[in-house]
Amino acid sequence: MDKILRIDMGAEGGPKAKETGLDAYSGLGGRALTSSIVAGEVPPLCHPLGAENKLVISPGLLSGTGAAMSGRISIGCKSPLTGGIKESNSGGQAAQVLARLGYAAIVLEGKPPGDSLYKVFINKDGVKIEAAASLRMLPNYDLIDKMKEQYGDKIACISIGPAGEMKLSAASIACTDPELRPTRHAGRGGVGAVMGAKGVKVIVLDDTGLKARPPKDLEKFRAANKIFVAGLSSHPVTGQALPAYGTNVLTNIVNEAGAYPAYNFKDGQFPGASKISGETFAELETQRGGNPTHHCHRGCVIRCSGIFNDKNGKFLTKQPEYETVWAHGAHCGIDDPDAIAMLDFLDDNYGVDTIDMGVAIGLAMQAGVAKFGDAEAAINLVKEVGKGTPLGRILGSGAAITGRVFGVENVPVVKGQALPAYDPRAVQGIGVTYATSPMGGDHTAGYSIATNILKSGGYVDPLKPEGQVELSRNLQIATAAIDSTGMCLFIAFAVLDQPETFQALIDLLNSFYGLELNAGSVTDLGKKVLTVEREFNKKAGFTKEHDRLPRYFYTEPVAPHNITFMVKDEEMDKLFDW
Amino acid sequence: MSETLAGPGVSHFFHRRQKTEDKTFMKITVKLFASLRKDRFAIEKREYNPGQSVRDVLAGLDITEGEAAILFINSRHADPATILNEGDTLAVFPPVGGG
Ligand code: SF4
């Protein structure tokens, strides 16, 4: 993983690939690398769909090694959704395969003339870029079937659906799972639109004949991995709850906490929550011959994902994630698991972010385009995206655009990106993360829910403003570092609680690279990443006034706690002072 | 899975027995989630003597305090020591996570 593959999509005579060393980027991976390249090479004032933007795809520092959980990939660019820097993170097989092929990053640069469409194939013998007009507007599942026919089933694919080709600002980039299904997505921020603007439909990766990356100190590496895996298996969240129920185990608890936004953030509880909870999904999956415990990439030992079969026992989609279930469920007043699973499939197939897509549909419902709770209407609205109708293009451009087009006042977005499944009034810590993250409205960037609601890594009262800025700061720093390792963020539940598991993570990095990092170096890396991202956003025109929630969260209380967002602006402005 | 008012188990017997000690019971809605539902129930309206705490309820259901990692009374975080009041809803979760 000591080289970068740069493909100039706008080169004279067709796209040209060249390999460079890591040079100034040496020692970086994942989010640290994507954000450094974007901040260092992309003019902050460029148009996100223009030739000056770059799409950077980077496995993490430990991807492609024998380390458990190391298969997360970072995809970065200037976001067409937020107008700021973006790192969108995905599971699937791509990170492991790309890392074994030796690439720390693929950078798509420039822009082809007209509407040319290409496919990129990379294996141990090199890189092939071919015109791919025949793949135009194929949904992800059909596309991957074609790639399987052509290249066999030992591949991993990174692709866009019709939404990406139409350059819709909620378009995602799909990564295939171990069964070669396009179920894992770098969903947020419209990264799919940037791939579409680069004219790349799919990147096919084949690591046949290549081995796992060798650590500097194999023995120490193996020992550290053993402790790491044991720590994940013994922790009740990573060893039991996540495997058994997946992320959607949160539906009941967040609803119980009065922080589960229903009907476009009107209420903090949804009457149909139990019908779409993780418990319900897990039971349905088991009954229908699916599986509530499945890995999104080989090497994941937590296995929070699952397989959702339809009523006839036929594969429909992967187990929808908590945020997906919320966005298409409670937010739209829908309590039918089968409808939600269908929406998840359609989102994956057309290639749109399930959060921005679901929130956009709820806003359309608020505006009277359909009724809250009408699952069939929701399904038809997502199908409009696939068809590329004007209505579909509006919805597929995400919540901010949809809210504006339909004249909705309460639009839950920060920096243009839809807020996910936690009401920032009832969980004040996540409000701080939504407001301040350089990524825009995002929960993973500083997952205060862990401490505010789940009592993981301590406890800070979710209903009070005190302590939330510090909590969000620490989590944002830790997350930026973890997102750079290729590790799945869910390791944090065990790492926050168990010092020996945290140490094992550091030992994995040290024994692999021959380094002497400690906890302090991890914090430093996180700070460095955030600083680079904030700098880019500043130059792109963001001020501290952009680090705020939409006004109504400060003025309209939400039941059952009848509370508004109370963290002071001046406090939030100090979040990045270090 | 479904939130039925499940039939009486050992725990039901336990609070029946207590009923004989005091005639004015508190009606408490107890909700259990995830793995805690196994061999128990999803939701039940149960009766307890006034002054009883979350800890008493857990003991009656044979749930250890380690298993009951997250507790809510009426949507607010509670502790095992919290005393229950008539009409309260107690929700009990094992350690869970996601995101
Ligand atoms: S825990 Fe879940 S999201 Fe994380 S790597 Fe495993 S399956 Fe993927």
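This is a predicted model: local features need pLDDT of at least 70, side-chain atom pairs count only at pLDDT 80 or more; totals for chains, interfaces and linings use all residues.

Me: How many helices and strands are in chain A?
Reply: Chain A has 23 helices and 17 strands, taken as DSSP runs numbered from the N terminus (H or I of at least four residues for helices, E of at least two for strands). Its C-alpha trace spans about 60 × 50 × 50 Å along the principal axes.

Me: And what share of chain A is buried?
Reply: 67% of the 578 residues, where buried is under 20% relative accessible area, exposed over 50% and partly exposed in between (1.4 Å probe, protein chains only).

Me: How do α1 and α18 of chain A cross?
Reply: At roughly 95°, with axes that come within 4 Å; the axes are lines fitted to C-alpha atoms over the stretch in contact, and angles run from 0 to 180 degrees between N-to-C directions. The two are therefore roughly perpendicular, the word for 65 to 115 degrees (under 35 is roughly parallel, over 145 roughly antiparallel, the rest oblique). A:G30, A:R31 and A:A32 of α1 meet A:T479, A:A480, A:D483 and A:S484 of α18, with contact meaning heavy atoms within 4.5 Å.

Me: What does A:R31 pair with in a salt bridge?
Reply: A:E533, at 2.8 Å from N to O; a salt bridge needs a side-chain nitrogen of Lys or Arg within 4 Å of a carboxyl oxygen of Asp or Glu. A:E533 sits in helix α21 (residues 519-539), 502 residues from A:R31.

Me: Are those two buried or exposed?
Reply: A:R31 is buried at 2% relative accessible area, and A:E533 is buried at 0%.

Me: Switching topic, where is A:D310?
Reply: In the loop between β14 (305-309) and β15 (315-318) of chain A. A:D310 is buried yet has no salt bridge, and A:K314, the nearest side chain of opposite charge, is 5.2 Å away (Lys and Arg count as positive, Asp and Glu as negative; His and chain ends are not counted).

Me: So what does the side chain of A:D310 reach?
Reply: The backbone nitrogen of A:N312, at 2.9 Å.

Note on methods. Residues are numbered from 1 along each chain as its sequence is written. Chains are lettered from A and ligands numbered from 1 in the order in which they are written. Side-chain values use heavy atoms; hydrogens and water are left out. A polar contact is a pair of N or O atoms within 3.5 Å; within protein, one must be able to donate a hydrogen and the other to accept it, and residues adjacent in sequence count only if both atoms are side-chain atoms.
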